[in-house]
Amino acid sequence: MSLVNYATKEITCKIVYYGPGRSGKTTNLQYIYSRVPWDRKGEMVSLATEADRTLFFDFLPLDLGRISGFTTRFQLYTVPGQVYYNATRKLVLQGADGVVFVADSQRSQIEEDIESFRNLQVNLLEQGIDIREIPVVIQYNKRDLPNVLAIDLLDDELNFREVPSFAASALLGEGVFDTLRSISEGVLRKLAGKLDNTRSRSWRAKGVGNR
Amino acid sequence: MRQADLRQIQDAFAGPLASFVDESAVRLAVLINRSGQVLAQEGFDRIDDLVGVASLAAGINASSRALASQLGQEDFEHLHHAGRLRQLFLGQFDTGGGLLILVTVFDEASSIGLVRLFFEQMVDEVRQLPVMDAPPVSVSADNFEAELESSLDRFFRDLMGG
Ligand SMILES: Nc1nc2c(ncn2[C@@H]2O[C@H](COP(=O)(O)OP(=O)(O)OP(=O)(O)O)[C@@H](O)[C@H]2O)c(=O)[nH]1
Ligand SMILES: [Mg+2]
């Protein structure tokens with residue numbers, strides 16, 4: 001869940017890149033890391049196996065600057081896509097404010113895409129979250145490869161909720177920022193609704209006084 | 001991220017954490033929530049180091065809890081890793097505001113006994129912090145939404161262009 005600190009006027013949101021193994025989640029973060037100037041990002045942490053498969057997560061903190069006086073920070077995470085790592089995938093998904101589902105567009109991968117999307121729904125439900133309640137964006141990755149399915153077809157299989165979807169080649173950087181922008185907007189719009197009405201709990205220390 | 005940001009992070013939890021660091025003589029300490037978001041810190045010069053440590057610690061904490069529950073064990077109270085020069089201590093505790101985790105690094109200037117003692121004390125202090133039901137600053141959702149588009153435009157234009 002997003003953390004809003006009214007005293008220091010900071011917002012921190014967690015976005016999780018989800019999807020089947022080798023769909024390009026880590027590649028998305030690597031591209032973002034390579035393009036964002038140093039004063040807008042922290043170090044990227046990657047917990048991977050020797051074969052470069054994500055073992056636990058990748059993590060990249062971003063600083064989007066100020067919105068309405070709030071310093072806005074995003075924490076981007078990727079999950080390990082391999083079926084085997086479901087337990088750690090659930091942990092990374094905890095407290096997500098938004099999800100980017102990275103699908104592999106290759107014809108041969110459609111079953112894996114569908115299975116992973118189902119897995120996302122199940123894992124969200126386990127946390128008491130209906131997938132319709134959380135901002136989700138779908139990215140159809142690897143468009144540069146020859147044997148890819150048409151976007152319409154992929155939409156039919158995966159995007160029955162008609163969430164924003166983007167064609168991408170993360171390796172070349174195409175579509176990476178369009179995807180990130182869309183999920184950022186979704187998450188922050190949802191947050192805006194909560195900012196002024198709901199009672200939000202925050203803490204104040206003894207002796208810190210009224211700020 | 002800018003250096004100045006480090007100072008801004010500190011707010012409500014700064015007091016209890018500072019006394020912990022003083023009394024137990026640890027080198028680094030950071031207080032995080034379950035998602036790895038930083039509530040207060042002492043001893044980090046670079047925010048890059050800080051958020052990396054926080055995300056890893058949240059990961060360790062989450063996986064230890066999950067492991068304990070899969071093995072049908074009681075949840076652990078803390079984790080202690082003693083290296084040759086430095087030691088790492090991770091302690092979790094429940095508060096009215098959710099589960100929090102203290103991550104601290106210490107050397108021969110302190111000891112695991114001291115750390116545990118003053119950790120308990122800090123937990124009591126944090127639990128006594130009053131919970132406020134309303135934010136002290138009122139925020140207009142309309143203003144926020146109005147600014148959202150242009151702020152994102154600016155951020156992404158900078159990225160694409162540079
Ligand atoms: N041709 C092509 N290859 C890509 C693209 N995106 C990623 N890849 C390649 O696909 C492979 C897997 O990419 P990763 O980003 O590691 O995949 P992942 O989703 O993080 O995989 P897991 O960590 O196992 O879940 C790598 O060899 C990438 O270079 C793309 O857009 N086009
Ligand atoms: Mg990966």
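Me: Which residues have the most contacts inside the largest nonpolar core?
Reply: This is a predicted model. Its largest nonpolar core has 46 residues. Those with the most contacts inside it are A:Val16, A:Tyr18, A:Leu93, A:Phe101, A:Leu120, A:Leu158 and B:Ile32.

Me: Which element gives the largest share of this core?
Reply: The core includes residues of chain A and B:Ile32 of chain B. The largest share is 7 residues. They come from helix 3 (residues 47-70) of chain B.

Me: What does A:Leu120 touch, not counting residues up to four places away in sequence?
Reply: A:Leu120 is among the residues with the most contacts inside the largest core. Sequence neighbours up to four places away are set aside here. That leaves A:Tyr18, A:Leu93, A:Val99, A:Phe101 and A:Ile131.

Me: How many residues are in the second, separate core?
Reply: This core includes A:Phe70, A:Ala170, A:Val176 and A:Leu195. Its size is 37 residues.

Me: What is the handedness of the crossing of helix 3 and helix 4 of chain A?
Reply: The axes of helix 3 (residues 110-126) and helix 4 (residues 151-158) of chain A come within 10 Å. They cross at roughly 35 degrees. Helix 3 makes the contact with A:Ile110, A:Asp113, A:Ile114 and A:Phe117, and helix 4 with A:Leu154, A:Glu157 and A:Leu158. The crossing is right-handed.

Me: Is A:Asp104 buried or exposed?
Reply: A:Asp104 is found in strand 6 (residues 98-104) of chain A. Its relative accessibility is 2%. The cut-off for burial is under 20%. A:Asp104 therefore counts as buried.

Me: How far is A:Asp104 from A:Lys142 in space, C-alpha to C-alpha?
Reply: Leaving aside neighbours within four places in sequence, A:Asp104 is in contact with A:Arg22, A:Ser23, A:Gln109, A:Asp113, A:Asn141 and A:Lys142. A:Asp104 and A:Lys142 are 38 residues apart in sequence. In space their C-alpha atoms are 6.3 Å apart.

Me: Which side chain makes a polar contact with the side chain of A:Arg73?
Reply: A:Arg73 is found in strand 5 (residues 70-78) of chain A. At 8% relative accessibility, A:Arg73 counts as buried. The polar contact spans 3.0 Å. The partner is A:Glu10.

Me: What do the buried residues of helix 2 of chain B pack against?
Reply: Helix 2 (residues 14-24) of chain B has these buried residues: B:Ala14, B:Pro16, B:Leu17, B:Phe20, B:Val21 and B:Ser24. Just after this helix, B:Ala25 takes a positive phi of about 60 degrees. The buried residues pack against strand 1 (28-33), strand 2 (38-42), strand 5 (98-106) and helix 4 (112-127) of chain B.

Me: What pattern does chain B follow along the sequence?
Reply: Chain B has 162 residues, and 48% count as buried. There are 5 helices and 6 strands in the chain. Read along the sequence, the pattern is α-α-β-β-α-β-β-β-α-β-α.

Technical notes. Residues are numbered from 1 along each chain as its sequence is written. Chains are lettered from A and ligands numbered from 1 in the order in which they are written. This is a predicted model: local features need pLDDT of at least 70, side-chain atom pairs count only at pLDDT 80 or more; totals for chains, interfaces and linings use all residues. Side-chain values use heavy atoms; hydrogens and water are left out. Helices (H or I, at least four residues) and strands (E, at least two) are DSSP runs, numbered from the N terminus. Buried means under 20% relative accessible area, exposed over 50%, partly exposed in between (1.4 Å probe, protein chains only). A polar contact is a pair of N or O atoms within 3.5 Å; within protein, one must be able to donate a hydrogen and the other to accept it, and residues adjacent in sequence count only if both atoms are side-chain atoms. A nonpolar core is a set of buried Ala, Val, Leu, Ile, Met, Phe, Trp, Tyr and Cys residues joined through side-chain atoms within 4.5 Å. Contact means heavy atoms within 4.5 Å. Axes are lines fitted to C-alpha atoms, for helices over the stretch in contact, and angles run from 0 to 180 degrees between N-to-C directions. A crossing is left-handed if the near helix is turned anticlockwise from the far one by less than a right angle, and right-handed if clockwise.
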